Amino acid sequence: MRSATISTLMLAVLALLAMAAATYYYPWPEPQVETTVEQLFESYQGSQVRGMEIVQFNRDRGSLEKIKLVRRGDRWVIPSKQNYTASQGARIALAISSLSDLKVFEIMSDNQKDHLDFGVVDPEDYDNAANRGSLGTKLTLTDRNQKEIASLIIGLPVKDEANIKHFARITNQPNVYVIDYDPRVLSTDFASWVSTNPLQLAQRQGDSGQGVNAVDIDFNRLQGDDPLKMTKDTIYRAEIRPTQEGTMGVALLETSIPDSKELRQLTPTAQQIAKLTGMGQFLSTIVLNDVTRKDPNASKAIKSLQPFDPKLTESMQALGFLNCRNENGNFECDPVSGDVRIYTPTGVVMTMSFGAIAGTTQDGTGKLNYAMIITAGINKEALKLPKKPADLNEDPNSDENKAFQRSVQDAQGRIEVAQNTANELNKLHSDWYYIIGDDVIKRLRPEISIPPMAKPLIVPTDLPNQSEPESGKPNEGAPSGSGQSPTPALRLSNGTEADEQSSESNQNGGVKLPQS
């Protein structure tokens with residue numbers, strides 16, 4: 001009896017073990033993971049957003065950085081930069097819509113102590129942060145009443161995720177979530193939100209904007225203590241013009257003659273041509289490090305089409321723009337660091353004038369910044385009215401007179417269009433000094449190697465009479481013992497002498513400037 005009971009119990013145990021094994025190894029379907037636990041913020045329309053602030057701690061510089069954008073009417077401005085226009089519309093739209101319909105993939109923690117591990121510590125608490133590497137990037141959106149629409153702190157990326165997932169939390173709340181978010185759109189860098197094409201040039205064929213058909217580069221330094229008596233040292237002056245091959249070449253290259261106001265002409269080398277014509281690719285990508293407003297009087301003078309009181313522009317001297325004046329309806333200054341002049345096919349002339357040093361860049365490298373102004377005018381040489389033929393039949397009904405009158409009207413129309421364009425550009429730029437880095441100036445006004453001027457050959461006057469050839473050799477006019485004839489200097493059209501550069505004189509640069 002006892003034996004039968006034991007056998008029964010053993011069979012029962014074996015049956016239970018077999019059932020457990022079957023349950024363990026049976027291919028049960030895996031439970032589905034919930035990927036949309038909740039929506040992080042209530043939906044909102046982009047038009048509701050009237051303010052946006054981005055805050056992050058820059059560990060390289062050891063400082064908190066903020067940028068705030070505010071919508072004023074139909075444009076976004078940066079209040080901390082005296083309401084300069086934030087014109088990167090696509091980036092702004094992406095940033096303000098990034099928190100709408102944002103879904104949560106997973107809730108990672110509801111414990112504030114875990115914020116350090118997920119990198120979602122509020123960047124404005126950097127003074128109290130145990131590890132500044134745990135500080136996140138905070139984005140806050142507000143409405144027209146400055147009421148908060150949404151505020152999120154984006155932290156570290158989620159490891160081993162194919163998608164762009166990050167840890168994040170709602171500002172002032174403990175929960176840490178996993179969300180799908182690309183934080184690269186969030187930047188506190190001023191240059192990220194403003195135009196890099198202040199000249200409004202066409203960047204590719206068919207684009208709206210101005211084309212370029214010629215450029216003048218005046219690389220000079222003004223020296224002296226008296227703004228009215230500065231001396232000009234021309235490092236080089238170059239004229240970049242179209243060639244017959246359809247590329248841009250260097251039509252003229254000249255430099256200062258020491259201790260003289262005259263310039264000597266150089267034959268451009270292939271290397272110089274490549275550098276000078278290569279600047280064209282940077283005309284529509286000018287990165288601005290900062291801006292500052294001009295004195296209202298200076299702004300008024302720039303917009304004026306008439307001569308003005310020089311006292312209006314005295315404030316510009318501090319930033320290196322001297323002797324400002326109106327020349328034939330165009331605003332001009334003598335900048336201490338030279339200028340670049342751009343000619344368009346429509347007859348508009350835009351000038352980037354480079355002034356004095358304006359501090360250093362904020363990236364910690366110590367690179368120099370320079371002040372720059374942009375002004376516009378018209379090319380009156382290219383926009384002349386047609387001359388009346390001496391033998392014109394002035395009968396109003398004659399075909400000849402009608403054709404001439406049409407040509408006058410067409411020319412007047414082109415002048416009016418060019419002047420209106422110049423006026424709009426001056427309206428856009430007259431209020432601002434642009435602060436650009438030394439690297440930007442070097443791209444717009446390249447540094448090229450200029451050979452020193454050859455010293456004049458001095459022939460001693462106490463040489464023995466060499467009227468008779470020595471040793472039966474013909475007299476070549478060389479100094480005694482030299483064995484070489486003197487090298488003649490290159491005589492220029494203005495009567496000065498200059499040395500030739502011992503390189504190619506091919507003037508085809510092979511680089512195209514922006515064309516309309």
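A residue is called buried when its relative accessible area is under 20%, and exposed when that area is over 50%; anything in between is partly exposed. Keep in mind that this is a predicted model.

**Stop one: a histidine in a helix**

Select H429. Is H429 buried or exposed? Its relative accessible area is 2%, which is under 20%, so H429 is buried. The residue belongs to helix α6, which covers residues 399–429. Now show the residues around it: H429 touches P198, K294, I374 and Y434, leaving aside residues up to four places away in sequence. Look at P198 in particular. Its backbone oxygen lies 2.9 Å from a polar atom of the H429 side chain.

**Stop two: aromatic rings**

Next, turn to the aromatic side chains. The structure holds eight aromatic pairs. Select Y84 and W432, whose ring centres are 4.8 Å apart; their planes stand at 90°, so this pair is edge-to-face. Where in the chain do Y84 and W432 lie? Y84 is in strand β4 (residues 84–86) and W432 in strand β20 (residues 432–437), so the pair links distant parts of the chain, 348 residues apart. Y84 is buried at a relative accessible area of 10%, and W432 is buried at 6%.

Move on to F308 and F331. These rings form a stacked aromatic pair, with 5.8 Å from centre to centre and 20° between the planes. F308 lies in the loop between α5 (296–303) and β15 (321–327), while F331 is in strand β16 (residues 330–335), so the pair ties together parts that are 23 residues apart in sequence. F308 counts as buried at 15% relative accessibility, and F331 counts as buried at 6%.

Ring pairs link Y84, F190, W432 and Y434 into a cluster. Y434 was also on the list of residues that H429 touches.

**Stop three: charges over rings**

Select K165 and F105. K165 lies over the face of F105, 4.5 Å from the ring centre. Then select R445 and F219: here the charged end of R445 sits over the ring of F219, at 3.7 Å from its centre.

**Stop four: salt bridges**

Side chains of opposite charge can pair when their charged atoms come close. How many salt bridges are there? The count comes to 19.

Begin with K81 and D290, which form a salt bridge with their closest N and O atoms 3.0 Å apart. K81 lies in the loop between β3 (75–78) and β4, and D290 in strand β14 (residues 290–293), so the pair ties together parts that are 209 residues apart in sequence.

Now select K138 and E124, whose side chains meet in a salt bridge at 2.7 Å, N to O. K138 is in strand β6 (residues 137–142), and E124 is in the loop between α3 (115–118) and β6, 14 residues apart. K138 is buried, with a relative accessible area of 8%, whereas E124 is partly exposed at 34%.

Go on to D182 and R184. Their salt bridge has its closest N and O atoms 2.7 Å apart. D182 counts as partly exposed at 29% relative accessibility, and R184 is exposed at 63%.

Technical notes: Residues numbered from 1 in each chain as written. Predicted model: local features only at pLDDT ≥ 70, side-chain atom pairs only at ≥ 80, totals over all residues. Heavy atoms only, no water. Helix = DSSP H or I, 4+ residues; strand = E, 2+ residues; numbered from the N terminus. Buried < 20%, exposed > 50% of the residue type's maximum accessible area, 1.4 Å probe, protein only. Polar contact = N/O pair within 3.5 Å; in protein donor to acceptor, adjacent residues only side chain to side chain. Contact = heavy atoms within 4.5 Å. Phe/Tyr/Trp six-rings, centres within 6.5 Å; stacked < 30°, edge-to-face > 60°. Lys NZ or Arg CZ within 6 Å of the ring centre and 35° of its normal. Salt bridge = Lys/Arg side-chain N within 4 Å of Asp/Glu carboxyl O.
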